[in-house]
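Student: Hi, I have a structure open and have not looked at it before. Could you walk me through it?
Tutor: Gladly; here it is, and we can go through it topic by topic.

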Amino acid sequence: MTPRCTEDSGVLVLGGGAAGLSLAHRLTESGTATAVTLVEPPDGPLRPAERTWCYWGAGTDGLEEAVSATWSVLRLHGADGGSVTVDPAPFTYRMVRSADFERMVHGRLARTEGARLLRGTAEAVRAVPAGAEVRCALPGGRPLTLPARRVFDSRPLPGLPPARTRLLQHFRGWFVRTDTDRFDPAVADLMDFRVPQPAHGLAFGYVLPLAPDRALVEYTEFSREVLTTAAYESALGHYCRDILGLGRLTVERTEQGVIPMTDARFPRRAGHAVFRIGTAGGATRPATGYTFAAVQRHSRAIAAALRDGHDRFPAPHGLRALAMDAILLRALDTGRIDGPRFFTDLFRRVPAERLLRFLDGTTSLREEWGIGLRTPVRPMLRTAAEVPFLPRRSRPADRTGGHTR
């Protein structure tokens, strides 16, 4: 018989990635009057490698202890070589390293009465009259069953739900150190379209300076299939050498990831007391791959609802934002719009603060209408008329995970 924990956790959070850590953080931060248990995989092959999460924020947001770098100026380079530099005030672009975020959240759990961190592998979740039970394997293989009134599951889905359009944002990054000062630590290059473009989709460079001689440099594609490691390495070498002109450099660390960009409908519940969060719960913005900011909003909303004594949690993204993203994804996938020109023109034509709110899904209908008029109207209207009639299809082999923006 599997041993059963006799202590009922009010909230059980599965997974120690961005979504699981964020929800545990917001629950303890808000003073939610319930026991909280965060279940993370033990050290070993199931634990993901260290990664970075980036987002734009304004003012204080409770993450200051984990933010390792910020940028007050954003820049895009068009495929034609022209650049667009914008001041996103009151926003700054912020980087959180997973190791720093883990230390912050683990420390808060250790200091909060009724909260705890459990290292184990969640294997199965089943409904029971009082909530749910999670069967775990502890280090060494010892089984344990955990009861809870509510379970929030951030583990990756075995496959993506049926979708009309399905792209992947996939990338590899180098943390580089150069022999001489090559970077402006105040300026983040969000998209550099001077890299060779693939036959289908789009590609760009991404540069986050950490010091005059250090930066995270990534090569990213929006396309249907991932590349081999050798292909990413070749693209990064070309970008650093021939486009950025960095000269001699040392690669100190690498990171790689895949983010789904899809108009699939992600189920937000897996039972009367089991809720999905993070990418598995639809937190990834379909047209951009940005996730971290939506995870923060969703985590705060869940914490507020639990504090108020109910479980009516809002979706991570509104229906209007998802409808617009479905149109943009289809337009990109069909090649009806030029991806590099589309994103570069948006930053040229729309005030940065408004555009960043639009990308996060927090603009008004009037603002969105104005932004829409600054996009290629005819191909977007054609795509909008087509999307509702497209069938949703499954690809059972789909599986994504890794870095979250």
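Tutor: Let us begin with the second largest cavity, where H4 gives the largest share of the lining, 4 residues. Please keep in mind throughout that this is a predicted model.

Student: Ok, which helices each supply at least two residues of that lining?
Tutor: They are helix H1, covering residues 18–29, and helix H4, covering residues 292–307.

Student: And which residues line the second largest cavity?
Tutor: The lining consists of Ala19, Leu23, Ile277, Gly278, Ala283, Val295, His298, Ser299 and Ile302. Sorted by class, the residues of this lining are 6 nonpolar and 3 polar, with no charged residue among them.

Student: How much space lies in there?
Tutor: The second largest cavity holds about 40 Å³ of space.

Student: How many cavities of 30 Å³ or more does the structure hold?
Tutor: There are 4 of them, and the largest cavity has a volume of about 150 Å³.

Student: What lines the largest cavity?
Tutor: Its lining has 16 residues, and those nearest the centre of the largest cavity are Trp56, Leu190, Met191, Tyr290 and Leu359. Strand S13 (187–192), strand S14 (202–211) and helix H6 (339–349) each contribute at least two residues to that lining. By class, the lining of the largest cavity is made up of 13 nonpolar, 2 polar and 1 charged residues.

Student: Switching to pockets, how much space lies in the second largest pocket?
Tutor: About 570 Å³ of space lies in the second largest pocket. The pocket is lined by 25 residues, and Met324, Glu368, Gly372, Thr375 and Met380 are the ones nearest its centre.

Student: Which helices does that lining come from?
Tutor: Helix H5 (319–334), H6, helix H7 (352–360), helix H8 (365–372) and H9 each supply at least two of the lining residues, and H5 provides the largest share, with 6 residues. The lining of the second largest pocket divides by class into 18 nonpolar, 3 polar and 4 charged residues.

Student: What about the outside, which residues form a nonpolar patch on the surface?
Tutor: Trp369, Leu373, Val377 and Leu381 form such a patch, and together they have about 460 Å² of accessible area. Leu381 belongs to helix H9, which runs over residues 377–386.

Student: Why does Leu381 count as exposed?
Tutor: Leu381 counts as exposed because its relative accessibility is 56%, and the cut-off for exposed is over 50%.

Student: Now salt bridges, how many does the count come to?
Tutor: The count comes to 30 salt bridges. In one of them, the side chains of Arg276 and Asp153 meet, with an N to O distance of 3.9 Å. That pair links distant parts of the chain, since Arg276 sits in strand S18 (residues 274–276) and Asp153 in strand S11 (residues 143–153), 123 residues apart.

Student: Is Asp153 buried or exposed?
Tutor: Asp153 is buried, because its relative accessible area is 3%.

Student: And what does Glu386 pair with?
Tutor: Glu386 forms a salt bridge with Arg330, at 2.9 Å from N to O. This pair also links distant parts of the chain, with Glu386 in helix H9 and Arg330 in helix H5, 56 residues apart. Glu386 counts as partly exposed because its relative accessibility is 23%, whereas Arg330, with a relative accessible area of 17%, is buried.

Student: How far apart are the closest N and O atoms of Arg241 and Asp242?
Tutor: In the salt bridge between Arg241 and Asp242, the closest N and O atoms are 3.2 Å apart. Arg241 is exposed, with a relative accessible area of 55%, while Asp242, at 46%, counts as partly exposed.

Student: Which residues are linked in a network of salt bridges?
Tutor: Glu40, Asp43, Arg47, Glu102 and Arg119 are linked in such a network.

Student: Where is Glu102, then?
Tutor: Glu102 lies in helix H2, which covers residues 98–111, and Glu102 counts as buried because its relative accessibility is 16%. The C-alpha atoms of Glu102 and Ala18 are separated by 9.2 Å, although the two residues are 84 residues apart along the chain.

Technical notes: Residues numbered from 1 in each chain as written. Predicted model: local features only at pLDDT ≥ 70, side-chain atom pairs only at ≥ 80, totals over all residues. Heavy atoms only, no water. 1 Å grid on protein atoms, 1.4 Å probe; cavity = no way out; pocket = protein on both sides within 12 Å on 5 of 7 lines; lining within 4 Å. Points joined across faces, edges and corners; volume = space filled by probe spheres on them. Nonpolar A, V, L, I, M, F, W, Y, C, P; charged D, E, K, R; others polar. Patch = residues over 30% accessible without salt bridge, like charges linked within 9 Å, V, L, I, M, F, W, Y side chains within 5 Å. Areas by Shrake-Rupley, 256 points an atom, 1.4 Å probe, with all protein chains shown as cover. Salt bridge = Lys/Arg side-chain N within 4 Å of Asp/Glu carboxyl O. Buried < 20%, exposed > 50% of the residue type's maximum accessible area, 1.4 Å probe, protein only.
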